[in-house]
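Open the model in your viewer and keep the sequence panel beside it. Each stop below says what to select and what is there.

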Amino acid sequence: MSDATSIEHPPWLTSGDFTAADEPLSLFAAWFAEAKRSEPVNPEAMALATVDGDGLPNARMVLLKGFDERGFVFYTNLDSVKGHELAAAPKAALTFYWKSLQRQVRLRGSVEPVAAAEADAYFATRPRPAQIGAWASKQSAPLESRLAFEKAVAIYTAKFALGTVPRPPHWSGYRVKPREFEFWQERPFRLHDRIIFTRPDPSAPWRKSRLYP
Ligand SMILES: Cc1cc2nc3c(=O)[nH]c(=O)nc-3n(C[C@H](O)[C@H](O)[C@H](O)COP(=O)(O)O)c2cc1C
């Protein structure tokens, strides 16, 4: 039985002492691979925080669709609230929480749009109904009824009945380029382990430190 002080990890968990890591990307890759084995649903779900014109934070979940040394990619509607906020203030924070592993990863930094060819390539892999949905949804705009949305889906289904569905001009991806990257592992009695990697800009080397929990 698990309680507030005992943590049961799956027997295959092999990350070892993560606080010994000397750079964040391979540690993230190891934790993400373990989350994919361990989380029952959406290990790639992450909270995306942006700010509005008043500096008021806004957070919502999105799905991680790729990561490498260039940054962390998600896709969305560019005319959504987040799209407008990122156009005005191209900085963001991302947070993963993998409950089954009692791990949190946070990163933040500047944001840039992905290249059109990269967005096209990803869009082409999406299931056709999701491609149609990207055309039909004016994400974050008021919608008078479910029926109005279903009509829009029907219209675009007819419009793109033949051939491939092109990527809508209002749908693309963003890449968050981390400047700070924190790893948190729950330990008994709230004596958690935390390490943070920082760099002044994405071309500088990472510096690591431990943080009190
Ligand atoms: C698990 C999960 C994953 C989601 N993934 C995405 C995503 O990848 N892209 C996206 O635009 N919205 C995604 N959403 C919906 C967003 O959370 C949000 O409702 C939507 O993007 C509108 O946000 P905005 O009004 O702040 O722009 C996801 C929601 C959940 C719960």
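Start with the whole chain of this predicted model. Of its 213 residues, 25% count as buried. The C-alpha trace spans about 55 × 45 × 35 Å along its principal axes. Colour by secondary structure: the chain has 5 helices and 9 strands. Read along the sequence, their pattern is α-β-β-β-β-α-β-β-α-α-α-β-β-β. Take the contacts between residues at least 6 apart in sequence: 57% of them join residues at least 24 apart.

**Stop 1: helix α1**

Select residues 24–38. This is α1, with 15 residues. From its first C-alpha to its last, α1 reaches 20 Å, close to the 21 Å expected at 1.5 Å a residue.

Now show side chains. Which residues of α1 are buried? They are P24, L27, F28, W31, E34 and A35.

Turn to the face of α1 directed away from its buried side. The exposed residues there are S26, A29, K36 and R37.

Select β3 (66–68), β5 (91–98), β6 (103–113), β7 (171–185) and β8 (193–198). The buried residues of α1 pack against these strands.

**Stop 2: the loop between β5 and β6**

Select L101, which sits in the loop between them. Is L101 buried or exposed? L101 counts as buried, because it has 21 C-beta neighbours inside 10 Å, and the cut-off is 20 or more.

L101 and Q185 are 8.1 Å apart in space, yet 84 residues apart in sequence.

**Stop 3: helices α4 and α5**

Hide the rest. Select α4 (residues 128–136) and α5 (residues 146–159). Two packed helices are described by the angle between their axes and the distance between the axes. For α4 and α5 the angle is about 115°, and the axes are 9 Å apart. Their crossing is right-handed.

Show the residues that make the contact. From α4, pick I132, G133, W135 and A136. From α5, pick F149, A152, V153, Y156 and T157. Colour them by class. What does the contact of α4 with α5 hold? There are 7 nonpolar residues, 2 polar ones and no charged ones.

Note on methods:
Residues numbered from 1 in each chain as written. Predicted model: local features only at pLDDT ≥ 70, side-chain atom pairs only at ≥ 80, totals over all residues. Helix = DSSP H or I, 4+ residues; strand = E, 2+ residues; numbered from the N terminus. Expected span 1.5 Å × (residues − 1). Buried ≥ 20, exposed ≤ 12 C-beta atoms within 10 Å, placed from the backbone. Contact = placed C-beta atoms within 7 Å. Axes fitted to C-alpha atoms, helices over the stretch in contact; angles between N-to-C directions. Left-handed = near helix turned anticlockwise from the far one by under 90°. Nonpolar A, V, L, I, M, F, W, Y, C, P; charged D, E, K, R; others polar.
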